[in-house]
Amino acid sequence: MSRLAAGVVLVTAHEPPLAEGGPRGEDVGMTATAFMSVSLDPPLVLVSLREGSRMDDLLAEQPLWGVSLLSEAQRHVAGRFAMKGRISDRLLFADLPYARGELSGAPLMDGALAALECRTESRVPAGDHTLVIGRVLRAQVPPAQGGPLTYFRGRYRQLGN
């Protein structure tokens with residue numbers, strides 16, 4: 001499957017505080033290449049999450065999430081959120097420009113080609129992954145520069161490379 005080129009997105013969600021008055025909630029992010037449009041009416045998208053991953057566990061409880069379609073200039077963002085054994089997500093977001101989604105509360109990256117806010121419609125177990133189907137509640141298409149970030153043969157690429 002490394003021969004199948006894929007777009008690169010950042011899936012994000014806000015983990016609410018565990019208890020009222022307790023420590024504040026935390027933003028969580030994950031780079032994904034298994035993301036696709038499912039339906040235009042209603043607007044549905046699908047993301048594949050590794051079963052038992054932090055994002056899989058969070059989206060099992062938090063129905064609202066965001067997706068930033070990364071531009072070729074955001075390779076560093078994709079790499080940062082794809083690291084194995086990485087530091088806390090709070091530190092990963094610290095120096096990145098983003099806006100908080102009005103409906104989801106999820107971080108949406110500045111400079112992305114598009115940003116979506118979604119609500120989980122269904123979760124489908126699929127081998128060692130969970131397919132999460134989300135209804136798009138809001139879509140933004142800012143005037144971003146450049147082309148999409150893609151992933152092909154184990155590397156991030158730009159179209160034409």
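**Exercise 1.** Leaving aside neighbours within four places in sequence, which residues is Met55 in contact with?

*Solution.* The structure is a predicted model, in which local features need pLDDT of at least 70 and side-chain atom pairs count only at pLDDT 80 or more, while totals for chains, interfaces and linings use all residues. Residues are numbered from 1 along each chain as its sequence is written, and side-chain values use heavy atoms, with hydrogens and water left out. Taking contact as heavy atoms within 4.5 Å, one finds Val11, Thr12, Ala13, Val28, Gly29, Met30 and Leu49 around Met55.

**Exercise 2.** Identify the members of the largest nonpolar core that touch the most other members.

*Solution.* A nonpolar core is a set of buried Ala, Val, Leu, Ile, Met, Phe, Trp, Tyr and Cys residues joined through side-chain atoms within 4.5 Å, where buried means under 20% relative accessible area (1.4 Å probe, protein chains only). Within this core of 19 residues, the answer is Val47, Met55 and Trp65. The elements that each supply at least two of its residues include helix 1 (54–61) and strand 6 (64–69), helices (H or I, at least four residues) and strands (E, at least two) being DSSP runs numbered from the N terminus.

**Exercise 3.** Work out the strand order of the open sheet and explain what is particular about its edges.

*Solution.* Two strands pair if DSSP finds at least two bridges between them; the seven strands then follow the order 3-2-6-9-10-5-4, with antiparallel pairing. Strand 3 and strand 4 (35–40) each have a single partner strand, so one side of each lacks a neighbour in the sheet. Between strand 5 and strand 10 there are seven bridges, and Leu49 has Thr130 of strand 10 as its bridge partner.

Key:
Buried < 20%, exposed > 50% of the residue type's maximum accessible area, 1.4 Å probe, protein only.
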